[in-house]
Each structure stands twice: as structure tokens, then as C-alpha cells.
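Reader: Can you walk me through this one? Start with the overall layout, then the details.

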Amino acid sequence: MVGLAPAAHGGNRTGRIFTGDRSGDWLFRALFEAGFANHPLSTDRGDGLELREVYITAAARCAPPANKLTPAELRRCQPFLLEELCLFAELRVIVALGKIAWDAYLRARREMGQAVPRPLPRFGHGAVAAMPDGIVLLGSFHPSQQNTFTGRLTRAMLRRVFARARRLARAPRPHTVAPSRIGEGL
């Protein structure tokens with residue numbers, strides 16, 4: 001799963017992304033309901049939460065000023081995302097929480113020399129894009145307060161995205177291509 005960035009009073013404070021903020025309350029509950037977590041709450045690093053068959057990362061590594069990332073900040077953080085993506089030989093599904101995460105994943109694929117569909121798939125809540133190597137990219141609105149307080153994202157909507165991710169992760173895949181290693185000079 002790719003999110004936006006750690007919240008100043010959540011992931012940066014607790015040392016675990018989405019832990020201790022309201023976005024995390026929504027996210028970990030949905031992960032629990034889809035069978036990706038052993039319980040629905042994430043309050044601190046010692047809370048006993050265990051994730052199963054899921055890894056959470058972010059397009060950016062710091063809480064952006066005024067909650068707005070610049071293209072330069074995303075470029076500076078991209079090597080971290082690239083390195084993390086290379087760790088997963090069995091990667092099957094990516095859930096992008098928001099358009100920035102969606103675009104960051106597509107940029108990362110291109111940077112790693114992996115093909116992307118043409119035309120580029122457009123982000124939307126519930127959007128599904130199959131990559132040429134069989135990895136499936138799923139889109140979800142970010143569980144930020146701006147989206148959850150306004151009803152743009154409901155618990156049921158988020159739950160459906162992760163239920164679909166679970167089904168796709170367990171489905172047979174026609175072929176598997178291991179991610180390429182990051183090239184020199186990054």
C-alpha cells in the first residue's frame with residue numbers, strides 16, 4: 001500500500017506510518033476487516049498490531065508543510081519508495097491511497113524500467129489498472145479527515161477496496177516477473 005506521507009502527529013511521532021492519527025483509525029479498521037491485520041486499532045508501536053501480507057509505505061517521507069507536497073519533495077523521496085518496491089518479489093497488488101500515491105507508483109515503475117499501460121491509467125476511487133507484469137493497481141481516496149468528514153470516503157467504500165485487494169492477492173496470476181533492481185546513480 002502506498003500512502004501520501006506520514007502525518008506530523010501520527011507516523012512521525014509513533015514511528016509507524018498511519019499509527020496514532022485519524023487516517024490510521026480508518027485504515028487499520030479496514031485492514032482488519034479484510035484480514036490484513038490482527039486487530040482494528042493502531043495506537044503505538046507496542047500495541048501488538050501485526051500486519052499480514054501487507055506492507056505500508058508512502059510517496060513522501062516527511063509531513064509536508066500545509067499538507068501540500070511539491071514535485072521537488074516527491075523527487076527527493078522517490079529513491080526510498082523505489083528501494084522498498086524492489087524488496088517484494090511476490091508483489092501482486094498495490095493500493096494507492098490518493099492520486100499522489102497513484103502517480104508516485106506509476107513513476108516508480110517507469111524509473112525501475114517496468115512497463116506501464118498506455119494510455120496511463122487514471123486515478124479514481126475504486127479504479128483498477130492491470131500492469132503488464134500482472135501487478136494490479138487499485139485506487140482509493142485517502143482516508144484523510146477532509147475525505148472522511150465530508151463523506152467523500154465512507155468506511156464501506158474503504159472496506160470494499162481492501163476486500164478487493166484481498167481477492168486479487170489470492171487469485172492466480174498468469175505470470176510473475178520479479179521487480180528489477182534499481183540502477184546505479186539514483
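**Layout and packing**

Author: From the N terminus on, the elements of the protein chain run β-α-α-β-α-β-α-β-β-α-α. That gives six helices and five strands. Keep in mind that this is a predicted model.

Reader: How much of the protein chain is buried?

Author: Buried residues account for 48% of its 186 residues.

Reader: And what share of the contacts join residues at least 24 apart?

Author: Counting contacts between residues at least 6 apart in sequence, 61% join residues at least 24 apart.

Reader: Strands next. Is β3 buried or exposed?

Author: Five of the five residues of strand β3, residues 93-97, are buried, so the strand is largely enclosed by the rest of the structure.

Reader: Which residues sit on which side?

Author: V93, V95 and L97 lie on one side of β3, with I94 and A96 on the other, and all are buried. Both faces are therefore covered. In a regular strand, side chains alternate between the two faces of the sheet.

Reader: How many bridges join β3 to β5?

Author: Five, and the two strands run parallel; β5 covers residues 136-140. Within that pairing, G139 of β5 is the bridge partner of A96.

Reader: Switching to helices. At what angle do α3 and α4 pack?

Author: About 70°, with the axes 10 Å apart; α3 is residues 71-85 and α4 is residues 99-111. The two helices are therefore roughly perpendicular to each other, and their crossing is right-handed.

Reader: Which residues make the contact?

Author: From α3, L74, Q78, L81, L82 and L85; from α4, I100, A104, Y105, R107, A108 and E111. Sorted by class, that contact has eight nonpolar residues, one polar and two charged.

Reader: OK, what angle do α2 and α6 make?

Author: About 50°, with axes 9 Å apart; α6 is residues 155-170. That makes α2 and α6 oblique to each other, and the crossing is right-handed.

Reader: Which residues meet there?

Author: D25, W26, L27, R29, A30, L31 and E33 in α2 meet R155, L158, R159 and F162 in α6. By class this contact divides into six nonpolar residues, no polar ones and five charged.

Reader: Last one. Where is L49 found?

Author: In the loop between α2 (22-33) and β2 (57-58). L49 counts as buried, at 11% relative accessibility.

Reader: What does L49 touch?

Author: R16, F28, A37, N38, H39, L41 and S42, not counting residues up to four places away in sequence. As for H39, its C-alpha atom is separated from that of L49 by 6.3 Å, the two residues being ten apart along the chain.

Conventions:
Residues are numbered from 1 along each chain as its sequence is written. This is a predicted model: local features need pLDDT of at least 70, side-chain atom pairs count only at pLDDT 80 or more; totals for chains, interfaces and linings use all residues. Side-chain values use heavy atoms; hydrogens and water are left out. Buried means under 20% relative accessible area, exposed over 50%, partly exposed in between (1.4 Å probe, protein chains only). Helices (H or I, at least four residues) and strands (E, at least two) are DSSP runs, numbered from the N terminus. Two strands pair if DSSP finds at least two bridges between them. Axes are lines fitted to C-alpha atoms, for helices over the stretch in contact, and angles run from 0 to 180 degrees between N-to-C directions. Angles under 35 degrees count as roughly parallel, over 145 as roughly antiparallel, 65 to 115 as roughly perpendicular and the rest as oblique. A crossing is left-handed if the near helix is turned anticlockwise from the far one by less than a right angle, and right-handed if clockwise. Contact means heavy atoms within 4.5 Å. Ala, Val, Leu, Ile, Met, Phe, Trp, Tyr, Cys and Pro count as nonpolar, Asp, Glu, Lys and Arg as charged, and the others, Gly among them, as polar.
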